[in-house]
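Please open the model in your viewer and keep the selection tool at hand. The tour below goes from one selection to the next.

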Amino acid sequence: MLENIPEVKLGLVAVSRDCFPITLSERRRSAIAAAYKGELYECPVTVENEGHMLKAVEDVKAAGCNALVVFLGNFGPETPETLIAKYFDGPCMFVGAAEGDGDLINGRGDAYCGMLNCSYNLGMRHLKGYIPAYPVGTAEDIAGMIADFVPVARAVISVKNLKIITFGPRPQDFFACNAPIKGLYELGVEVEENSELDLLVSFQAHKDDPRIPDVCADMAAEMGEGRYYPDLLARMAQFELTLLDWAEEHKGARKYVAFADKCWPAFPSQFGFEPCYVNSRLASRGIPVACEVDIYGALSEYIGACVSQDAVTLLDINNSVPNSLYQAEIAGKFNYKLTDTFMAFHCGNTPSCKMCADRAVKYQLIQNRLLENGGEPDFTRGTLEGDIAPGEITFYRLQCDSEGVLRSYIAQGEVLPVATGSFGGIGVFAIPEMGRFYRHVLLEKRYPHHGAVAFGHHGKALFETFRLLGIGDIAYNRPASLPYPTENPFA
């Protein structure tokens, strides 16, 4: 169970234009509360004017609500209803009632029209509100819209209460993971930047921590006998406790934490191991630890964890699938072209629950070549390696580019049940029209090589989350029938 994300406590506030029967909104509000299967606080104050608006906001805050459904049971009062989004400190969804009572004289609410004025006024006041794709419906329809809103609300609440803690500068020649912090502050995220020396000093202070044996036992139980280095457990447990304690002690005014840490080249020789397995364990608990000080990678991972309520990972969009492997294992078995496939990889930070059963703690082959001259691995051990388990995935990223502009991409696909025959935490990924997406989004818009991976298809919620966060550019893998603006029409 993830421990670093909030619980959404929804409130339902009905509004009513004073020339319509207030009972129409109240009756329809109660029908929504009855139709919705989750926890939903029904605010007793129906908003007709600004005084009511203030009372309603006070009431839902007192009830502990951190997200609101503003319901136009009839046309609605456009000024008070939109000011709810200003005075309530949390995401607000705006929806309207469909006609369906059979009485189109005294029972007609005109919320279809009222939603237009609601949207217009939100724009005039520069207020953000979540409006579903078709925001007018019956009680059952709106109950479904509320269910779709919950993961979006959870992610937005989380971002506004997040601190990203970093250790060290980016490794040389990895400037692709650039992190202009302007975009973080625009989103409401705090960032705390530290030296690798700060982390080392804290790690050394945790030597002989009495909690280490329990963490070692948990690691051994997670991996299973023969799938870890017994002599390495204490060092890794010491590091895990270091990060967890740092998170708790450095949250400050924030509620949630993610990390972006420098993990090479100095880390393994000074700490005595590679941090990848520990990073994977924290990610499985809802505390992403992004590799190579990738701040926006950490943010992307965290948003995905909030949306999916599941473990996530960060991977390199790494290498093409050899044609021989494609012909032997994919062609004729799966409906993908060679250019739809690629391998996504990282050294070993993917949570073990998202990997095949033969995963194990191993050593980082590339770092072993670089730092130990390819000899018997010692301090380059600590990666969690194996093929990533097959299943649906969403590949996505939120990024601030070199000009300070926030942009994002989302693409749904799957990990194929195809053995990679390679090293690291790796899988054969397939995304429809990946080749075109790679050229006209990832390359054209200069995205870095890291992408966040949520397990399952969560594109719908991620798209709405990015919209509500104010991201204007949300790219996706377009079908062949829909060219990209930069795509040559004559090719």
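Which side chain meets that of lysine 460 in a salt bridge? In this predicted model, select lysine 460 together with aspartate 148, and you will find their side chains meeting in a salt bridge, with 2.9 Å from N to O.

Next, colour the two domains into which the chain is divided, taking residues 10–154 as domain 1 and residues 168–476 as domain 2. Their C-alpha centres lie 39 Å apart, and where the domains touch, eight residues of domain 1 are in contact with ten residues of domain 2. Between them the two domains bury about 850 Å², of which 59% is on carbon and sulfur atoms. Now select Lys128, Val152 and Arg154, which supply 56% of the area that domain 1 buries against domain 2, more than any other three residues.

Stay at this interface to look at its polar side: the count between domain 1 and domain 2 is one salt bridge, and four residue pairs are found in polar contact across the interface. On the side of domain 1 that touches domain 2, the residues divide into four nonpolar, one polar and three charged.

Finally, turn to the strands and show the open sheet, in which five strands with parallel pairing follow the order β2-β1-β3-β4-β5. At its edges are β2 (40–42) and β5 (136–137), each of which pairs on one side only. Then select β1 (residues 10–15) and β3 (residues 67–72), which run parallel and are joined by six bridges; within this pairing, leucine 12 has valine 69 of β3 as its bridge partner.

Key
Residues numbered from 1 in each chain as written. Predicted model: local features only at pLDDT ≥ 70, side-chain atom pairs only at ≥ 80, totals over all residues. Heavy atoms only, no water. Domains from an automatic or database assignment. Contact = heavy atoms within 4.5 Å. Buried area = accessible area lost by both parts, 1.4 Å probe. Salt bridge = Lys/Arg side-chain N within 4 Å of Asp/Glu carboxyl O. Polar contact = N/O pair within 3.5 Å; in protein donor to acceptor, adjacent residues only side chain to side chain. Nonpolar A, V, L, I, M, F, W, Y, C, P; charged D, E, K, R; others polar. Pairing = 2+ DSSP bridges. Helix = DSSP H or I, 4+ residues; strand = E, 2+ residues; numbered from the N terminus.
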